Amino acid sequence: MDIENATKSKYGYLLILIIVLGFFLRLYQLDTESMWKDEAYTYHHIQNSPSKIISLVVQTEAAPPAYYLILHYWLTIFGNSLFVLRLLSVLFSTLSLILLFFI
């Protein structure tokens, strides 16, 4: 094995370690605290139909409605709990570690 392949392999293992560690640190006690104010607003918005979600988010939030729409379907598929509500953000933030690693 040449030096370049060994270096790539070492960084690959490091990336996997960081991703796994980051994921489990984010999951640790994910649903132990009660719902925060911004989570309550988000939960309120996503209980509506997709067209209503878009109009509510455009009127009240400074964020694009895509996250709210994805979260609406996420809760529809995986259930309606605080853990599931927060889990989508955990997955997105864990995936951002990959992007940060390559930057």
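Which residues form a nonpolar patch on the surface, and with about how much accessible area together? In this predicted model, where local features need pLDDT of at least 70, side-chain atom pairs count only at pLDDT 80 or more, and totals for chains, interfaces and linings use all residues, the patch is formed by Tyr 11, Leu 14, Leu 17, Ile 18, Phe 101 and Phe 102, which together have about 590 Å² of accessible area. Residues are numbered from 1 along each chain as its sequence is written, and side-chain values use heavy atoms, with hydrogens and water left out.

A patch is built from residues with over 30% relative accessible area and no salt bridge, nonpolar side chains (Val, Leu, Ile, Met, Phe, Trp, Tyr) being joined within 5 Å and like charges within 9 Å; accessible areas come from the Shrake-Rupley method with a 1.4 Å probe, and for residues only the protein chains shown count as cover. Helices H1 (3–27) and H5 each supply at least two residues of the nonpolar patch, and the largest share, 4 residues, comes from H1. Helices here are DSSP runs (H or I, at least four residues), numbered from the N terminus. Ile 18, which is found in helix H1, is classed as partly exposed because its relative accessible area is 36%, the classes being buried under 20%, exposed over 50% and partly exposed in between (1.4 Å probe, protein chains only).

When residues up to four places away in sequence are not counted, Trp 74 touches Gly 79, Val 84, Leu 87, Leu 88 and Leu 91, a contact meaning heavy atoms within 4.5 Å. Thr 42, in helix H2, is buried, since its relative accessible area is 13%, and is in contact with Tyr 68 and Leu 71 once its neighbours within four places in sequence are left aside.

Side chains of opposite charge can pair when their charged atoms come close. With a salt bridge defined as a side-chain nitrogen of Lys or Arg within 4 Å of a carboxyl oxygen of Asp or Glu, the count comes to 1, and the side chains that meet in a salt bridge are those of Arg 86 and Glu 39 (2.7 Å, N to O). This pair links distant parts of the chain, 47 residues apart, with Arg 86 in helix H5 and Glu 39 in helix H2 (residues 37–46); both residues are buried, and for Arg 86 the relative accessible area is 10%.

Arg 86 also touches Leu 30, Asp 31, Glu 33, Ser 34, Met 35 and Trp 36, residues up to four places away in sequence not being counted, and a polar atom of the Arg 86 side chain lies 2.6 Å from the backbone oxygen of Leu 30. Glu 33 is placed in the loop between H1 and H2 and is partly exposed, with a relative accessible area of 46%. The side chain of Glu 33 makes a polar contact with the side chain of Trp 36 (3.4 Å), a polar contact being a pair of N or O atoms within 3.5 Å in which, within protein, one must be able to donate a hydrogen and the other to accept it, while residues adjacent in sequence count only if both atoms are side-chain atoms. Glu 33 touches Leu 82 as well as Arg 86, again not counting residues up to four places away in sequence, and the C-alpha atoms of Glu 33 and Leu 82, 49 residues apart along the chain, are separated by 9.4 Å.
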